[in-house]
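Subject: Structure handover, aromatic contacts

Dear colleague,

Here is the structure for your files. My notes on its aromatic side chains follow below.

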Amino acid sequence: MDRQHRKQAKTSGSCSEEVSSIVWEFINMSEQEEDLIFRMYKLVGDKWGLIAGRIPGRKAEDIERFWIMRHGEIFASRRRDQQN
């Protein structure tokens, strides 16, 4: 088996590692964490690793997921629908 064929065989059978945002669980942040994330985002943009470095115990992925779920249009409309 040549290299290219092995590489294709490896990748073709694997499932995608991308996780649908629909299955994400909401991440609870304290009011202080939310405030810090918002202020840091205004300063540095979407540099999630930099923001996460300011919040002990939080990973960049958690911060980004929180931001998307909090400020993303899809999630915002879902929250509104759930509240009504």
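Trp-67 is buried, with a relative accessible area of 11%; buried means under 20% relative accessible area, exposed over 50% and partly exposed in between, with a 1.4 Å probe and protein chains only. The model is predicted, so local features need pLDDT of at least 70 and side-chain atom pairs count only at pLDDT 80 or more, while totals for chains, interfaces and linings use all residues. Residues are numbered from 1 along each chain as its sequence is written, and side-chain values use heavy atoms, with hydrogens and water left out.

Rings of Phe, Tyr and Trp (its six-membered ring) pair if their centres lie within 6.5 Å; planes under 30 degrees apart count as stacked, over 60 as edge-to-face and the rest as tilted. That rule gives 4 aromatic pairs. Phe-38 and Trp-67 are stacked, because their ring planes stand at 25°, with the centres 6.4 Å apart. Phe-38 belongs to helix α2 (residues 31-44) and Trp-67 to helix α4 (residues 60-71), so this pair ties together parts 29 residues apart in sequence. Helices here are DSSP runs (H or I, at least four residues), numbered from the N terminus. Phe-38 is partly exposed, at 40% relative accessible area.

Tyr-41 and Trp-48 also make a stacked pair, with ring centres 5.6 Å apart and planes at 20°. Tyr-41 is partly exposed at 29%, whereas Trp-48 is buried at 12%. Phe-38, Tyr-41, Trp-48 and Trp-67 form one aromatic cluster.

In α4, the buried residues are Asp-62, Ile-63, Phe-66, Trp-67 and Met-69.

Regards

Key: Helices (H or I, at least four residues) and strands (E, at least two) are DSSP runs, numbered from the N terminus.
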